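Thanks for coming, everyone. Please have the model open on your screens.

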Amino acid sequence: MNILAEELNSVLDGTVAGRLFSKLGRRIYFPKGIIAQSGEAKKHAHVANATIGMAFKDGKPLILSAIAEGMPTLTPAEAVTYAPTAGVEAVRNAWKKEIIRKNPSINPDGFSLPAVVPGLSAGISYLADLFLDEGDTILTSDPSWDNYALIFGERRGAAVQEVPFFGDADGLNIAGIWDAVAKAAKTGTVRIILNFPNNPSGYAPTKKEADELTALIRETAEGGADVLVICDDAYFGLFYEEDTYKESLFGRFAALHERVLAVKIDGPTKEDYVWGLRVGFVTFGSAGMDGSSYDALVKKLMGIIRSSVSCANTPAQYLMLKTLEDSRTAGEKKTYYGYLEARYRKVKEFLAANPDHPILKPLPFNSGYFMSFRCTGIDAEELRQELLSKHGVGTIALGNKYLRVAFSSAEADQIEGIYRTIFETAAGMK
Ligand SMILES: Cc1ncc(COP(=O)(O)O)c(C=O)c1O
């Protein structure tokens with residue numbers, strides 16, 4: 001094993017992160033190669049910096065006019081230079097400040113500096129690299145975002161165990177989740193990814209459920225298991241109901257117990273309406289870790305980043321920074337939230353006026369971009385095809401059980417018509 005990997009492992013051995021590493025997680029290191037040496041030169045080479053493969057003239061990077069004119073608010077350095085492996089420092093600091101602002105009860109000193117990754121999917125994939133070997137199990141919700149199966153299952157060869165998160169009652173099936181976690185804990189290690197607001201159900205926990213999930217993770221750790229809990233906060237902030245827990249569970253898990261490693265995956269993709277910008281953040285938190293172990297763990301992540309995409313896209317990071325600093329952003333986000341909330345309310349109105357459909361039962365939903373129906377007696381994929389081919393209505397079938405509707409992408413005045421079509425089509429298929 002490389003000596004640098006051994007050094008990082010020796011800092012992390014004895015922490016929950018050290019115990020949770022995959023074989024790749026143990027092997028990976030951040031080389032003292034081009035990037036590290038160039039970083040040192042950036043600080044100290046006051047005569048000439050001949051380290052990195054970029055091209056400069058008069059102290060500025062060379063830039064083609066079409067690029068410069070296409071990004072008129074960015075300087076050449078913001079537009080075309082390489083970003084540091086874990087992201088532009090100012091962007092990382094600004095996002096950390098945002099996490100603290102959006103989560104008033106989080107301990108500001110209890111988590112790492114966020115590292116920038118090229119979108120949340122990439123971040124999840126990097127965590128799979130660090131913490132899952134072939135044959136390991138990760139728990140997630142049933143239903144869950146289909147990319148989890150691809151990332152953890154197909155890519156890493158891990159077993160993705162979908163736990164029925166929604167029973168017949170309203171809200172989360174806490175007993176079922178508890179049972180699945182307790183079973184996994186018997187192996188000594190629990191890995192779980194929680195995604196709230198959830199894709200595809202559109203559900204986020206109530207305050208009471210947040211307490212119950214916190215108790216579950218605490219008791220699991222107290223029982224002696226190491227717990228990796230990944231909070232996929234892609235849709236954070238889009239909460240539409242009073243009793244929903246409006247902070248990330250990451251803040252709670254990060255402070256719980258030294259056997260709990262909490263990881264927050266978040267970013268502007270959905271929250272700030274920049275789906276194609278490809279910026280995401282990975283943040284670590286554990287009651288058993290401190291500054292030096294966070295540094296070592298972020299270095300491990302940097303090894304994963306350097307060995308795959310090398311670094312995330314620089315102009316996207318600076319655009320993000322400008323967005324966070326722009327005085328118009330908060331007002332515009334409030335307006336956009338209002339659009340989504342109005343669409344959500346229209347869906348709720350329709351369902352209240354048309355209860356007890358014989359085939360379609362909505363899963364609980366209170367947040368995010370989506371809601372889903374559980375289909376009984378007909379195949380969700382057949383319903384999707386019928387809606388598309390006969391009525392021109394596009395929806396998503398998840399297996400043969402669930403039909404997902406993205407109310408986020410329909411206008412409020414289209415909602416009633418869309419849902420009426422879905423209801424009538426499903427009823428006609430029985
Ligand atoms: C639950 C969830 N996590 C992560 C992502 C991925 O975000 P990104 O586009 O930044 O990779 C999505 C996108 O649909 C999602 O639904």
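**Cavities, pockets and a ligand**

Let's start inside. The lining of the largest cavity splits into nine nonpolar residues, one polar and two charged. In that count, Ala, Val, Leu, Ile, Met, Phe, Trp, Tyr, Cys and Pro are nonpolar, Asp, Glu, Lys and Arg are charged, and the others, Gly among them, are polar.

A word on the source. This is a predicted model, where local features need pLDDT of at least 70, side-chain atom pairs count only at pLDDT 80 or more, and totals for chains, interfaces and linings use all residues. Residues are numbered from 1 along each chain as its sequence is written, and side-chain values use heavy atoms, with hydrogens and water left out.

Now the terms. Everything sits on a 1 Å grid over the protein atoms alone: a cavity is a set of points where a 1.4 Å probe fits but cannot get out, a pocket is an open set with protein on both sides within 12 Å along at least five of seven lines, and lining residues have an atom within 4 Å of a point. Grid points are joined across faces, edges and corners, and a volume is the space filled by probe spheres set on the points.

How many cavities of 30 Å³ or more does the search of the whole structure find? Three. The largest holds about 110 Å³ of space. Its lining includes Leu194, Phe196, Phe236, Phe239 and Tyr245. Asp233 and Glu247 line the largest cavity too.

Next, the second largest cavity. It has about 40 Å³ of space. Trp95, Glu98, Ile99, Lys102, Asn103, Phe236, Lys264, Asp266 and Glu271 line it. Two elements give two or more residues each: helix H7 (89-102) and strand S8 (260-266). Helices (H or I, at least four residues) and strands (E, at least two) are DSSP runs, numbered from the N terminus. H7 gives the most, with four residues. By class, this lining has three nonpolar residues, one polar and five charged.

Arg101, Lys102, Gly237, Glu271 and Lys333 lie nearest its centre, out of 20 lining residues. H16 (329-353) is among the helices that supply at least two residues, along with H7 and H15. The largest share is from H16, five residues. Nine of the lining residues are charged, eight nonpolar and three polar.

Now the ligand. There are 13 residues around it, and Ser121, Asn199, Asp232, Tyr235 and Thr269 come nearest. Being near means having a heavy atom within 4 Å. Tyr235 has one at 2.6 Å from an oxygen atom of the ligand. Thr269 also has one at 2.6 Å from a ligand oxygen. For Lys270 the distance to a ligand oxygen is 3.0 Å.

Last, the backbone. The peptide bond from Asp142 to Pro143 is cis, with omega near 5 degrees. Pro143 sits in the loop between strand S4 (137-142) and helix H9 (147-155). Asn199 and Pro200 are also joined by a cis peptide bond, with omega about 20 degrees. Remember Asn199 from the ligand's nearest residues. Pro200 is in the loop between strand S6 (189-195) and helix H11 (207-222). Finally, Asp58 has a positive phi, near 55 degrees, and is not a glycine. Find Asp58 in the loop between strands S1 (56-57) and S2 (60-61).

How values were computed:
A polar contact is a pair of N or O atoms within 3.5 Å; within protein, one must be able to donate a hydrogen and the other to accept it, and residues adjacent in sequence count only if both atoms are side-chain atoms.
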